[in-house]
Amino acid sequence: MMGYRKLLVLVLFMVAFSGAAYAQVCNGTLSAPTEQVFVGSEFNVSYFNGEADSDGDTLTLYLPVEIDLVSGVNPVLNVSNFTAYTWLVNSSVAGVFDVNVTLEGGVNCSISVPSVVLENATSPLIVPQISDLGTITVNQLVGFDLNLTNFGGNATNVSGLVSSASGSTISPMDFSYALIENSTVVSNSFNMTPSVCGVDSVTAFVNNVHDANGYDSAPVQVTDMFTVEGSDVAFTLVGAQDVLQGVDSELSFTVENIGLMNATGVQVHVLVGGSSVANVALGDLLIGESASGIYNYTTVSAGTNTVTFRVGSDIECSSDDNEINTTFDVTAGLFCGNGVVDAGEQCDGADLNAQTCSGRGFSSGTLACAVTCTFDTSSCTSGSSGSGGGSGGSSGSSGRSTYVLVLTADEPSKTFNLRSGDTVKYSHDGEDYSFLFRYVYADRVKMGVSRDSDYKGYTFNEDTTYNLNLDDEQGPEISIMPSLLHMGKGDFTFSLLDVPAPRPIITLPVMSRNVEDTSASADLESPADNEHIADEEVVSEGMLEFIEDFTVRSKAPLWAGTGLALLIVLLGVGLYLFLTRK
């Protein structure tokens, strides 16, 4: 009896011990998400085996039916102690579930993790962010990043565009992602070359976003403001030469870097009449540094030409002082050499335009035509003839002629056929004057008059007479009238205004001498009685009669005049005594 009792106690004890052993909690850590995860999202369940004597045991993961094993071995045979094991799972429904593991072998135990929470999918929450560009340099490549962070449910089919407010080129211009999971950041890199100085901005538009169920989410965007800076190169001097048609005009300019950045790749764009003719490279300019350039432009059309200079650099910002205009005049001569006299030409080859040495103011000789289509008078003999002027013209290497004007009372007016650049020399009252005909246009002429170091400029219209006061005394002495003007040449008539009066006519009275009447005599007035007789008064009695007014101008010294007057008085007294003697 006692033996059965002992056996029963032993069996009960063993059953109790085995139950306690089966219910033992394993040494280890079972990890599963306890925060929100989303339907269709994959997540990890892991177990770290802390059982020292568990080598060779079997590890089994127990999942509720709503959770599926995606990857990982289950059960795990022959586990090792102090080793981590991981399984990838997901769920197709929402709920709160328990996940547990058991370790079976020499020591049987189990661990469970409750409250694994799975909720329905929520809308994606995409937050875009552009890296801060700050201050950048114009026309220089700069990179920036666009980060998209998803703070909501899974986002699918995400796409968008990136653009700048100024229209600067950005590459690439778009982006797309098939999936952006919850709590995930994706990044894309872009390059931009800013083309406009000042304040600019870049905006990223996230236009298409779908949730895990395929529904559209609201589009979002982000903008980053930045500043674009650069150099400032400005013109300080420009110029252009007036030339004959077909001759190069020297176009010159000077620029200075007046900005706060060193300028690289400085160049000047030259336009004539709106057409580009040259780009002149000046290299790099430090702050405050200047550079000059010259371009020789071969003239094509006659008249006034407008030159436009535009300066720029690789990093140029300013536009207010980057362009400047100037003008230069071109005298016609484009067709010189075609054998036909065209506008602006005196002659062309054998075509002398019906002119001769005599017609150019010379007495004789052979007139020729220079290669510049101007008269070559080197074989003409000097003299005064025709309408060409007093002593004709001489042509220098520049093709411009010089004429000598001589006006007298007998010939008070003469006409020259002149072209732009010709000079007429004239002497008046011991002073030498030069008339320089700078530009002859189709309706007007620009000329200047010089005497010693004095110079006066004039503009005369066609068929209009202009009186010139050369010595600024008494009034005008000479007039000029331009006529038959063409581009580059025309006729110019010079006329003397203060024409010298003819010499006074002095006549002796016809007187008879009566020998028998020794008392006959002419009543003569004493010179002393006529000291105040005016020049215009006619003396009716006496030996001299003034026929018309005249003005005596003499540079002789005072004593010479006094001596002459005394001599005349003595001759008069002697003649009187001779006639009245008895």
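1. A salt bridge is a side-chain nitrogen of Lys or Arg within 4 Å of a carboxyl oxygen of Asp or Glu. K414 is buried at 5%, while E411 is partly exposed at 33%.

2. Some ground rules. This is a predicted model, in which local features need pLDDT of at least 70, side-chain atom pairs count only at pLDDT 80 or more, and totals for chains, interfaces and linings use all residues. Residues are numbered from 1 along each chain as its sequence is written, and side-chain values use heavy atoms, with hydrogens and water left out.

3. How many salt bridges does the rule give? The count is three. One of them joins E323 and R310 at 2.9 Å, N to O. This pair links distant parts of the chain: E323 sits in strand β26 (residues 323-331) and R310 in strand β25 (residues 303-312), 13 residues apart. Helices (H or I, at least four residues) and strands (E, at least two) are DSSP runs, numbered from the N terminus. E323 is partly exposed at 42% relative accessible area. R310 is partly exposed at 37%.

4. R444 and D443 also meet in a salt bridge, at 3.2 Å, N to O. R444 is partly exposed at 29%. D443 is partly exposed at 44%.

5. Now the sheet. Four strands form an open sheet in the order β10-β12-β16-β14, with antiparallel pairing. Two strands pair if DSSP finds at least two bridges between them. β10 (126-130) and β14 (169-171) stand at the edges with a single partner strand each, so one side of each has no neighbour in the sheet. Neighbouring strands of this sheet are turned by 25 degrees against each other on average, direction ignored. Here axes are lines fitted to C-alpha atoms, for helices over the stretch in contact, and angles run from 0 to 180 degrees between N-to-C directions.

6. β10 pairs with β12 (residues 142-150) in the antiparallel sense, over five bridges. P128 stands opposite L148 in β12.

7. Next, the aromatic rings. Rings of Phe, Tyr and Trp (its six-membered ring) pair if their centres lie within 6.5 Å; planes under 30 degrees apart count as stacked, over 60 as edge-to-face and the rest as tilted. The whole structure holds twelve aromatic pairs. Y297 and F328 have ring centres 6.3 Å apart and planes at 70 degrees, so this pair is edge-to-face. The pair links distant parts of the chain: Y297 in strand β24 (residues 290-298) and F328 in strand β26, 31 residues apart. Both Y297 and F328 are buried.

8. Y426 and F435 form a tilted pair, 6.4 Å centre to centre with 40 degrees between the planes. Y426 is buried at 4% relative accessible area. F435 is buried at 0%. Which cluster do they belong to? Y403, F416, Y426, F435, F437, F492 and F494 form one aromatic cluster.

9. Last, the surface. L564, L567, I568 and L571 make a nonpolar patch of about 410 Å². Patches are made of residues with over 30% relative accessible area and no salt bridge; like charges are joined within 9 Å, nonpolar side chains (Val, Leu, Ile, Met, Phe, Trp, Tyr) within 5 Å. Accessible areas come from the Shrake-Rupley method with a 1.4 Å probe; for residues, only the protein chains shown count as cover. I568 lies in helix α2 (residues 558-580). I568 is exposed at 52%.

Note on methods:
Buried < 20%, exposed > 50% of the residue type's maximum accessible area, 1.4 Å probe, protein only.
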